[in-house]
Amino acid sequence: MKRIGILTGGGDCPGLNAVIRAVTKAAHQSGYQVLGFQDGYAGLVLNRFMVLTDALVSGILTQGGTILGTSNKANPYRWPVPKRSGTKRARLGDVSKKALAHFKKNRLRGLIVTGGDGTMAIAKKLHDDGVPIVGIPKTIDNDLPGTDITFGFETAVITAADAIDKIHTTAQSHHRVMVVEVMGRYAGWIALYSGAASGGDVILIPEIPYRIEAVCRKIRERARAGKHFTIIVAAEGAKPLGGRWTVQRRVADSTDPIRLGGIASKVAYEVENKTGLEARSIVLGHVQRGGSPTPFDRLLATRFGTAAMRLAESGSFGRMVAYKNNCIESISLEDAAGPIRTVPADHPLLVSARTVGTSFGDLD
Ligand code: F6P
């Protein structure tokens with residue numbers, strides 16, 4: 001029987017189960033058996049998988065998370081290996097040959113890998129080393145190159161916008177400045193979209209370094225106009241002009257060791273000191289990665305999954321499916337593993353947010 005493998009890598013994201021379901025159903029229609037490797041690339045290195053039956057994927061379209069499990073640490077090229085005798089330091093080594101061996105042992109025609117930039121960078125290497133791969137872009141951060149959108153982003157934006165809407169009531173009632181920190185790593189997509197959708201007065205994104213004086217000026221301006229509260233939406237990757245990112249912790253064995261976090265409390269503290277107004281910070285955190293995917297994300301994930309299976313069937317490996325101008329296309333894994341996609345200065349939403357008076361903390 002023809003066989004195909006699938007794994008989900010990186011942080012979880014609404015729509016992963018919809019992809020697993022789509023790939024499995026499309027594969028079954030074409031007479032393939034589907035092996036679902038567990039916990040990202042760890043499943044391939046350790047040969048841990050489940051055979052995905054129709055029963056297993058039935059009813060998962062609307063579920064968040066991934067039935068396969070995922071990992072943003074498992075990397076066949078940086079895998080924990082035994083310490084050298086006499087040393088205390090943990091070592092990371094290349095076990096990609098094991099991954100290749102398991103791929104061959106299971107007689108797979110190809111592997112479908114769903115993930116973000118870290119997962120795609122590994123996919124590119126594994127593909128070059130002999131594992132035929134098709135990629136599917138996922139991430140709430142929406143920062144993968146070559147695709148207009150990734151699934152999970154819209155769901156995260158709705159979650160964040162809903163939270164910001166709710167925070168408005170406390171801001172108004174207590175005449176406070178509320179600083180809401182959203183995810184997105186080094187890209188400001190979630191902050192821009194959720195901030196603009198919920199009428200954030202100030203939006204801070206990594207692409208536009210802010211000046212705290214400009215932020216305070218906006219708050220004072222609003223107070224003069226009789227608006228004694230301000231909502232600031234800060235991307236976790238936002239940074240002051242000439243300053244650095246706010247780093248919460250380092251996860252040494254992760255594909256991306258830096259965990260951003262803390263910008264909201266930093267900005268709230270500075271605003272309170274400089275304006276004398278009461279300020280609070282709120283970190284939305286992983287709630288943005290949870291919950292049922294929106295209908296759009298379910299549909300996008302389904303289109304990506306079926307398109308990836310079509311590519312695999314036709315032997316078009318080394319590609320990642322992508323969404324461009326409402327159509328599903330594909331780009332090379334090399335391009336997919338390129339620099340992340342950030343918010344351009346002339347992005348239409350950014351321009352229109354400025355036009356309605358939103359401050360990005362940069363202009364006087
Ligand atoms: O890439 C998705 C993401 O949620 C980022 O927005 C965030 O910076 C990071 O993952 C958090 O990672 P972890 O789940 O390891 O804390």
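Q: What kind of model is it, and how are residues numbered?
A: The model is predicted: local features need pLDDT of at least 70, side-chain atom pairs count only at pLDDT 80 or more, and totals for chains, interfaces and linings use all residues. Residues are numbered from 1 along each chain as its sequence is written, and side-chain values use heavy atoms, with hydrogens and water left out.

Q: How many helices and strands are there in the protein chain?
A: Helices (H or I, at least four residues) and strands (E, at least two) are DSSP runs, numbered from the N terminus. The protein chain has twelve helices and 15 strands.

Q: What radius of gyration would a compact globule with 364 residues have, and what does the protein chain have?
A: The radius is taken over C-alpha atoms, and the globule rule is 2.2 Å times the number of residues to the power 0.38. For 364 residues the rule gives a value near 21 Å; the protein chain has 22 Å, which agrees. Along its principal axes the C-alpha trace spans about 70 × 55 × 35 Å.

Q: How many of the 364 residues count as buried?
A: Buried means under 20% relative accessible area, exposed over 50%, and partly exposed in between (1.4 Å probe, protein chains only). Here 53% of the 364 residues count as buried.

Q: Which strands form the open sheet with mixed pairing, and in what order?
A: Two strands pair if DSSP finds at least two bridges between them. Seven strands form this sheet, in the order S3-S2-S1-S6-S7-S14-S15. Strand S3 (49–51) and S15 stand at the edges with a single partner strand each, so one side of each has no neighbour in the sheet.

Q: How are S14 and S15 paired?
A: S14 and strand S15 (residues 327–332) are antiparallel, with six bridges. Tyr 323 has Ile 328 in S15 as its bridge partner. The two strands form a hairpin with two residues between them, and Asn 325 in the turn has a positive phi of about 45 degrees. By contrast, S7 and S14 pair in the parallel sense over two bridges, and Gly 135 stands opposite Met 320 in S14.

Q: Which strands form the open sheet with parallel pairing?
A: Four strands, in the order S9-S10-S8-S13, form it. Its edge strands are S9 (202–204) and S13 (279–283), each pairing on one side only. Axes are lines fitted to C-alpha atoms, for helices over the stretch in contact, and angles run from 0 to 180 degrees between N-to-C directions. Neighbouring strands of this sheet are turned by 15 degrees against each other on average, direction ignored. Contact means heavy atoms within 4.5 Å. Helix H7 (residues 189–197) packs on the sheet, touching strand S8 (177–182), S9 and S10, and its direction makes about 170 degrees with that of S9.

Q: Which residues of H5 are buried?
A: Thr 119, Met 120, Ile 122, Ala 123 and Leu 126 are buried in H5. They cover an arc (of the directions from the helix axis to the C-beta atoms) of only 160 degrees around the axis, which puts them on the same side of H5. Their cover includes helix H4 (96–105) and strand S6 (110–115).
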